Structure formats: C-alpha cells, structure tokens
Amino acid sequence: QDCVRQEVYRFGIYCSLVEPGFFATGMLHRSADLGKSSCTTTAGAEDPVVVAAYGSYTEKMNRIEGSVIAAEKLNGGEDGCAWVTNSVLDALTNAWSPRPKSPA
C-alpha cells in the first residue's frame with residue numbers, strides 16, 4: 001500500500017489496504033485432497049519416495065489444519081468473506097472516509 005500511496009498521492013488520490021487474513025472458503029479441504037492425490041501411488045498409499053523427501057503429507061496437513069481453522073474462526077468463519085466485503089463497501093461509501101480527488 002505504501003508504494004501505491006506514494007505513487008498516486010501527487011494526483012490527490014488516497015488509498016487504503018484491506019488485508020483480511022484467513023476466512024473460511026472450503027479451499028483448505030479441496031487443496032488437501034488435491035495434494036494428497038499428487039503424492040500417493042496408484043494403490044492409494046503415500047508414495048515412499050515423496051515421504052522420504054518431504055515427510056508424510058497426511059501428517060503435515062493434520063498439523064496445519066488446526067491452525068488454519070482457528071485463524072478462520074478468528075476472522076469470522078463462514079461469515080468472514082461477508083465481513084471483508086462489507087468493510088470494503090463501508091470504506092468506499094462512508095461519508096467520513098477520505099474521498100478521492102480528481103486530478104486538476
């Protein structure tokens with residue numbers, strides 16, 4: 001944001017940055033399934049070559065999943081996306097927010 005702010009300030013444009021963090025999208029489980037299928041053999045077991053090089057994918061996902069779910073809950077869980085969009089909408093339409101200026 002700071003780079004953009006410096007570039008557009010001379011034109012009278014103000015900018016804000018919204019960094020929502022984690023919110024529940026269902027992507028965690030879809031990505032986990034895709035990753036699991038990428039490192040398993042045709043028999044369905046974890047590929048020993050992959051496990052030797054990187055460790056067990058299932059164990060890593062089990063460790064990470066708890067942290068991601070906790071972060072998603074802190075940011076509103078299933079409603080987190082609505083919180084982000086409402087915050088952006090409020091910032092753009094609030095009469096008390098800095099209003100963008102047209103270049104002269």
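**Close-up views of a predicted model**

**View 1. The second largest pocket has a volume of about 160 Å³.** The model is predicted. Ten positions form the lining of this pocket: Leu28, His29, Ala32, Asp33, Lys36, Tyr57, Thr58, Met61, Asn62 and Glu65. Two or more of the lining residues come from each of helix 2 (27–38) and helix 4 (57–74). Sorted by class, the lining of the second largest pocket comprises four nonpolar, three polar and three charged residues.

**View 2. Glu72 is a buried residue without a salt bridge.** Glu72 belongs to helix 4. A salt bridge is counted only when a side-chain nitrogen of Lys or Arg lies within 4 Å of a carboxyl oxygen of Asp or Glu. Leaving aside residues up to four places away in sequence, Glu72 is in contact with Phe22, Phe23, Ala24 and Gly77.

**View 3. Thr41 sits in the loop between helix 2 and helix 3 (48–54).** Thr41 counts as partly exposed because its relative accessibility is 31%, and the partly exposed class lies between the buried limit of under 20% and the exposed limit of over 50%. When residues up to four places away in sequence are left out, Thr41 touches Asp47 and Pro48.

**View 4. The protein chain contains five helices and zero strands.** Read from the N terminus, the order of elements is α-α-α-α-α. For contacts in the protein chain between residues at least 6 apart in sequence, 56% link residues at least 24 apart.

Note on methods: Residues are numbered from 1 along each chain as its sequence is written. This is a predicted model: local features need pLDDT of at least 70, side-chain atom pairs count only at pLDDT 80 or more; totals for chains, interfaces and linings use all residues. Side-chain values use heavy atoms; hydrogens and water are left out. On a 1 Å grid over the protein atoms alone, a cavity is a set of points where a 1.4 Å probe fits but cannot get out, and a pocket is an open set with protein on both sides within 12 Å along at least five of seven lines; lining residues have an atom within 4 Å of a point. Grid points are joined across faces, edges and corners, and a volume is the space filled by probe spheres set on the points. Helices (H or I, at least four residues) and strands (E, at least two) are DSSP runs, numbered from the N terminus. Ala, Val, Leu, Ile, Met, Phe, Trp, Tyr, Cys and Pro count as nonpolar, Asp, Glu, Lys and Arg as charged, and the others, Gly among them, as polar. Buried means under 20% relative accessible area, exposed over 50%, partly exposed in between (1.4 Å probe, protein chains only). Lys and Arg count as positive and Asp and Glu as negative; His and the chain ends are not counted. Contact means heavy atoms within 4.5 Å.
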